[in-house]
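I opened the notebook to go through this model step by step.

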Amino acid sequence: MNIYLCIIIGALLFEFILFSLSRLLDLQNISTSLPNAFKGYYSANEYARSQDYLAENTRFSYLTSAVDLIIILIVIFLGIFNNVDVWLRDFGFSPMVTGLLFFGVLFLFQDIISTPFSLYRTFIIEENFGFNKTTPKTYLVDKLKSYFLLILLGGFTLFLILIFFHKFGDYAWLYAWAALSTLLVLAQPLFTSVIAPMFNKFTPLEDGELKNKINALAEKVNFPISRIDVMDGSRRSSKANAYFSGLGKNKRIALFDTLIEKHSVDELVSIIAHEVGHYKKRHNIKGIIMGVVQTGIMFYLLSLFINNEALFAAFKMENVSIYASLLFFSILYSPIELIMSFLGNAISRKHEFEADAFAKTSIGTGKDLIEGLKKLTVTNLGNLTPHKLTVWLSYSHPPVLSRIKALDNVGK
């Protein structure tokens, strides 16, 4: 049997089994007794509801991951990639245009399959647990805007990569690496100025105690803020959140309106201090550097597999092409990508602890941040007792009880 086919099938099955085991252990790790830290925050009914929410999402994840696995196996063994490729080649377009159409058709196929699951998650699961505020119209408009951005940004990026590998031979991976690295650096300001306003309305935070305290914190820790906005998160969900965006002096704080409604001023300032901590500790810069390094490794390895006939044979392809090489390598690369995600999540969890410690040190107390974390967890029906394997596999943030414990120990 083709060695590449064995690696790909083995990797797909291993990942499915690993994450299925993680979900099973998560369900078995559910505790019926409320942890002491959350007594007075979760009522017995709400705590049971949070566990129902976890169970419902876990069962749904089993279904979606099983469907994804079955579909990719069918596509590989029936040679559907080849059927799409042969059909598109008959139109006689250039390799670059054919490549764009190849990815476009596959994306459309994948989106048609995934949309019913997305609708069910949004309008059934999230609705049943009181989170969903998205209307069918908003859902449709969001999807159309996503298509537009994907065609514009994704299509442009893919077109550049195809040109590089067609024109520059052995050095193509360096050009592709430089181009994608540039996009990684520009992603934050592009998101802040263009993408985010396409999906949400941002209004300046009104003058008052909250704005004054945020500005006082920023001045105290020497952190320039260009804008403090309130985002209409309630348009889509009752869940609460906040985030920073932007680089250099163009930094923007975006507070979900749902967050402001449910938290005190001091809690909100502590949450902001946590986000400031990420910037002061240069976590954003480290993240970009890590992304650039990973991208370089990926493109170098890709250059070794361009037009690899044995890899194409694993997918029953009649013709080799650079555009199909990109897709098949991405599937072959998935075990490495999985390992990279474990490392990335571990670093991210470390950064969250550091940002929490910064918030406590800069404000002088961790009490308000702990209070804010507890309320956020209750509002979002968060899982208080995730299994260690689940945390290791997929948690970019530490479990809330671990964060509370660490905050209690900061400065001792």
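**Entry 1: overall fold**

How many helices and strands are there in the protein? I count 16 helices and four strands. I keep in mind that this is a predicted model.

Next I checked the radius of gyration. The protein comes out at 23 Å, close to the 22 Å that the globule rule gives for 412 residues, so it is as compact as a globular protein of that length. I also looked up the span of the C-alpha trace along its principal axes, which is about 65 × 45 × 45 Å.

Then I turned to burial. Buried residues account for 46% of the 412 residues. I also looked at contacts between residues at least 6 apart in sequence, and 77% of these join residues at least 24 apart.

**Entry 2: aromatic pairs**

I searched the whole structure for aromatic pairs and got 28. I picked Phe60 and Phe117 to start. Their ring centres are 6.2 Å apart and their planes stand at 55 degrees, so I log the pair as tilted. This pair links distant parts of the chain: Phe60 belongs to helix α2 (residues 44-77) and Phe117 to helix α4 (residues 95-128), 57 residues apart.

Phe117 has 21%, and I note it as partly exposed.

Phe168 is partly exposed at a relative accessible area of 35%. Tyr175 is partly exposed too, at 39%.

I also found an aromatic cluster. Tyr4, Phe305, Phe329 and Tyr333 form it.

**Entry 3: charges over rings**

Which rings have a charged side chain over the face? I noted two cases. Arg23 lies over the face of Tyr62, at 5.8 Å from the ring centre. Lys145 lies over the face of Phe199, with 5.8 Å to the ring centre.

**Entry 4: nonpolar cores**

A general point first: in soluble globular proteins, nonpolar side chains tend to be buried together. I then looked up the largest nonpolar core here, and it has 48 residues. The residues with the most contacts inside this core are Phe38, Tyr42, Ile214, Leu255, Leu259 and Ile272. Helix α9 (residues 265-280) gives the largest share of the core, seven residues.

I followed up Tyr42. Leaving out residues up to four places away in sequence, Tyr42 touches Leu34, Tyr47, Ser50, Thr377, Val378, Leu381, Gly382 and Leu384.

Another core lies apart from the largest one. This other core has 43 residues, among them Leu73, Ile76, Ile161 and Trp173.

**Entry 5: strands**

I took strand β2 (residues 227-231) next. This strand is mostly covered, with four of its five residues buried.

Which way do its neighbours run, parallel or antiparallel? Strand β1 (residues 202-204) pairs with β2 in the antiparallel sense, over three bridges. Phe202 has Met231 in β2 as its bridge partner. Strand β4 (residues 252-256) runs parallel to β2, and five bridges join the two. Ile228 stands opposite Ile253 in β4.

**Entry 6: Asn82**

I located Asn82 in helix α3 (residues 80-89). Asn82 is buried, at a relative accessible area of 6%. What does Asn82 touch, not counting residues up to four places away in sequence? I found Lys316, Met317 and Glu318. I also checked Asn319: Asn82 and Asn319 are 237 residues apart in sequence, yet 8.1 Å apart in space, C-alpha to C-alpha.

**Entry 7: Leu401**

At 27% relative accessibility, Leu401 counts as partly exposed. Not counting residues up to four places away in sequence, Leu401 touches Pro35, Ala37, Phe38 and Leu384. I had already logged Phe38 among the residues with the most contacts inside the largest core, and Leu384 among those that Tyr42 touches. Leu401 and Lys374 are 27 residues apart in sequence and 9.0 Å apart in space, C-alpha to C-alpha.

Key: Residues numbered from 1 in each chain as written. Predicted model: local features only at pLDDT ≥ 70, side-chain atom pairs only at ≥ 80, totals over all residues. Heavy atoms only, no water. Phe/Tyr/Trp six-rings, centres within 6.5 Å; stacked < 30°, edge-to-face > 60°. Buried < 20%, exposed > 50% of the residue type's maximum accessible area, 1.4 Å probe, protein only. Lys NZ or Arg CZ within 6 Å of the ring centre and 35° of its normal. Core = buried A, V, L, I, M, F, W, Y, C linked by side-chain atoms within 4.5 Å. Contact = heavy atoms within 4.5 Å. Pairing = 2+ DSSP bridges. Rg over C-alpha atoms; globule rule 2.2 N^0.38 Å.
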